[in-house]
Amino acid sequence: MAKLYLVRHAHAGVRGESEGPDTTRSLSERGWRQAMGLVDVIGDCGAKRLISSPIRRCVQTLQPLAAHLHAEVEMDKRLAEGSTFEAALELLEELEGQVAVLCSHGDVIPDVLEALARRGMKLKDPPRWEKASTWALTRSGATFTKAKYLPPPT
């Protein structure tokens, strides 16, 4: 059984209050603490790949975990805000047999979970996607079988 960890980016302040485009909004101080806390939550998961939305706050969310795992953060636009669940599912399907951590947004994650639930995946916890929270997705071959919610680090 392989696992994928689907992380919502950590706290990044309030949309529209930072200078420049929203794609460049950085993590807040709280967000950096959450990102560092992810090392405690999933740092021993055995992930070989870290894949992020190209949006800065997602990449930054995975940076402490990448340092811990001596890995690079790959960027994939299929995880970007506004991406379709079909595009995100295509990426998940490509990762069959791998343990990976993916970081995305509050519009993509619920759609992905709902689509996988329609395909028979069991949610062990009520659907939610707080910032810096993680869904551990278990799969058997190509089929996602269950998902467990891991709350954000404190």
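Q: How many residues lie between β6 and β7 in their hairpin?
A: Two residues separate the strands of that hairpin. One note before we go on: this is a predicted model. In the turn, G141 has a positive phi of about 65°.

Q: How many bridges join β6 to β7, and which way do they run?
A: Seven bridges join β6 to β7, and the two strands are antiparallel.

Q: What is the strand order of the whole sheet?
A: The sheet is open, has seven strands and reads β3-β2-β4-β1-β6-β7-β5, with mixed pairing. β3 (73-75) and β5 (122-123) are the edge strands, each with a single partner strand, so one side of each has no neighbour in the sheet.

Q: What packs on the sheet and touches β3?
A: Helix α2 does, and it also touches β1, β2 and β4. The direction of α2 makes about 170° with that of β2.

Q: Which sense does the pairing of β2 and β4 have, parallel or antiparallel?
A: Parallel, over four bridges, with β2 covering residues 49-52. L50 stands opposite V101 in β4.

Q: How does β1 pair with β6, and how with β4?
A: With β6 the pairing is antiparallel over six bridges, and L4 stands opposite L137 there. With β4 the strands run parallel and share five bridges; L6 has L102 as its bridge partner in β4.

Q: Which residues of α1 are buried?
A: They are G31, Q34, A35, G37, L38, V39 and I42.

Q: Why would some of those sit three or four places apart?
A: As a general point, an α-helix has 3.6 residues a turn, so residues three or four places apart point the same way.

Q: What do the buried residues of α1 pack against?
A: Their partners are the strands β1 (2-8), β4 (100-104), β6 (134-140) and β7 (143-150), together with helix α2 (56-69).

Q: Which strands does α3 lie across?
A: Helix α3 (residues 85-94) lies across β1, β2, β4, β6 and β7. Relative to β6, α3 runs at about 55°.

Q: What does E93 in that helix touch?
A: Leaving out residues up to four places away in sequence, E93 touches R119 and R139. E93 is partly exposed, with a relative accessible area of 40%.

Q: How far is E93 from A142?
A: They are 49 residues apart in sequence and 6.9 Å apart in space, C-alpha to C-alpha.

Q: And where does S140 sit, and how far is it from R49?
A: S140 is in strand β6. S140 and R49 are 91 residues apart in sequence and 19 Å apart in space, C-alpha to C-alpha. At 40% relative accessibility, S140 counts as partly exposed.

Q: On to backbone angles. What is the phi of H70?
A: H70 has a positive phi of about 55° although it is not a glycine. For background, most residues other than glycine have a negative phi. H70 is in the loop between α2 and β3.

Q: What about the phi of A132?
A: Phi of A132 is near 75°, also a positive value in a residue other than glycine. A132 lies in the loop between β5 and β6.

Q: Are these two buried or exposed?
A: H70 counts as exposed, because its relative accessibility is 77%. A132 counts as buried, at 0%.

Q: Last topic, rings. What sits over the ring of F85?
A: The charged end of R118 does, 5.4 Å from the ring centre.

Q: How many aromatic pairs does the structure hold?
A: One.

Notes:
Residues are numbered from 1 along each chain as its sequence is written. This is a predicted model: local features need pLDDT of at least 70, side-chain atom pairs count only at pLDDT 80 or more; totals for chains, interfaces and linings use all residues. Side-chain values use heavy atoms; hydrogens and water are left out. Rings of Phe, Tyr and Trp (its six-membered ring) pair if their centres lie within 6.5 Å; planes under 30 degrees apart count as stacked, over 60 as edge-to-face and the rest as tilted. A charge sits over a ring if NZ of Lys or CZ of Arg is within 6 Å of the ring centre and within 35 degrees of the ring normal. Buried means under 20% relative accessible area, exposed over 50%, partly exposed in between (1.4 Å probe, protein chains only). Contact means heavy atoms within 4.5 Å. Two strands pair if DSSP finds at least two bridges between them. Axes are lines fitted to C-alpha atoms, for helices over the stretch in contact, and angles run from 0 to 180 degrees between N-to-C directions.
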